[in-house]
Amino acid sequence: MERTFENDLSQIKEAILTMASLVEKNFKVAIRALVERDESLIDEVMRGEEEIDQYDVKINDMAILYIARQAPVASDLRFITTVMKVSSDLERVGDQAVNICKRTRELNKEPLLKPLIDIPRLAHMSLEMLRDAMDAFVNNKMYLVSEITTRDKDVNELKNQLYRELTSYMIENPKTITRALNLMSTSRHLERVADHAKNIAKKVYFMYEGKDISHQDPPVVSKY
Amino acid sequence: MSNESLIAKTKNVMPEETKKRVESEVQMKSLKTSIAETPEGTYATCIDIKKLNLYYGTKQALYDISLTIPRHQVTAFIGPSGCGKSTLLRCLNRMNDLVDNVRIDGEVLIDSKNIYNPELDVINLRKNIGMVFQKSNPFPKSIYENVAYGLRIAGITNKKILDEVVESSLKGAALWEEAKDRLNDSALGLSGGQQQRLCIARAIAIKPEVILMDEPASALDPIATGKIEELILQLKDRYTIVIVTHNMQQAARISDLTAFFYLGKLIEYDKTRTIFMNPTIKQTEDYVTGRFG
């Protein structure tokens, strides 16, 4: 029979995983709204964001109550503190989905500046990083932590490349400035999602290994 | 293969340098029994337990315990009931001598002297190693006489010295303010928490080097427990404290080092921070997180 404190931990884990799947879904809808220029999807993102915020509050409440009741130590303490931080990162990924929708509304006021190729790629890379960070969380896959950190550098590089390209558009033709700035902001929001994925991965490393690597590169861990 | 047999094997076949390296690697992998260095500095050893085995009749209660307890630190012994932690604590001032049918192998060195040396004066040893028990046990005498008792039997009769020691001991045990106006009242009229602090005052009156505490706060309410814990933290500047506790949070709050015992064996010994944040051994993890025990 599962004991009460283990049952409480299972419920907290279930809540954070549900929150992660909501965040992922909302992010995908926001990208669809952007790429397909479909504003009808934005309302769905806004509703999803409310639900995500409620999960953040609920998870923090569950975690604080657990700490008060059980005074957890060792792996349980690391799990609880990690969950609270992961919840906060996920909530901020949710915010980025909303920010992308706001840029979409602005971008839709004018024709496309250029076909969207790099931005969906950036979105895909960030989303995969987020998925892998949660996979590392659930399945103790420490090799993913260093992989995610490396991929974050690729995401930054792609964002910087986009910035350079959009800057050249603006220099060539000042009429493109509004659209280029909106695309720059969008790429910045996507790059922030990758940052949150990296943060989550590093916190997951602390949860399993007991070592804080917040401000350093994670050690490379073999997949096998 | 045990570490000892591995080390023994290396002695016969390897060149000296390789032998040393292999020996040190094997020892590094073996159980940590001494926490010699921390980022804060180096610990001086106070108590050194070496390969201690204890038997109650034919039943073995402690298995090959080796452990170094540093001076002026609080070391906590934790583990489920019957794991041998209290038995080990009682070995440190030879309280087990008072139990029938006990046999002890191994050594306990306090300041490098083996306390199981047959020529050692046990009375002197116990003067140097005070003990506080789970249930407070003041003598049915006045508060003053309880604290002065140890000094009187040591032959001190000078009233001025007795007064001074009683005052400093009661202050040291954070009881002076509550007891100074009723020194001649019976100690049995004090509350449970006050009685326990009186027992600590009585222990420190004879200026021991080590204080052993066997669940000193388990019968007290949270406020009295808090006072005892605060007191332990103050006392560690002057005394080496070894405490047995079932209260995991208490060990986490007040101790510098923690030793986890299970079925008479030392399972893990490390800085308290490590034991409660990231223990190395799974059994320790399971115990501190409440998954067994």
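In what order do the six strands of the open sheet in chain B lie? The order is 8-9-10-5-11-12, and the pairing is mixed; two strands count as paired if DSSP finds at least two bridges between them. Helices (H or I, at least four residues) and strands (E, at least two) are DSSP runs numbered from the N terminus. The model is a predicted one, in which local features need pLDDT of at least 70 and side-chain atom pairs count only at pLDDT 80 or more, while totals for chains, interfaces and linings use all residues. Residues are numbered from 1 along each chain as its sequence is written, and chains are lettered from A and ligands numbered from 1 in the order in which they are written.

At the edges of the sheet lie strand 8 (129–132) and strand 12 (265–271) of chain B, each pairing on one side only. Strand 12 of chain B pairs with strand 11 (residues 257–262) of chain B in the antiparallel sense, over six bridges. Within this pair, B:Phe260 stands opposite B:Glu268.

Turning to the helices, helix 6 (residues 159–172) of chain B packs against helix 8 of chain B at an angle of about 130°, with their axes 8 Å apart. Axes are lines fitted to C-alpha atoms, for helices over the stretch in contact, and angles run from 0 to 180 degrees between N-to-C directions. The two helices of chain B are therefore oblique to each other, since angles under 35 degrees count as roughly parallel, over 145 as roughly antiparallel, 65 to 115 as roughly perpendicular and the rest as oblique.
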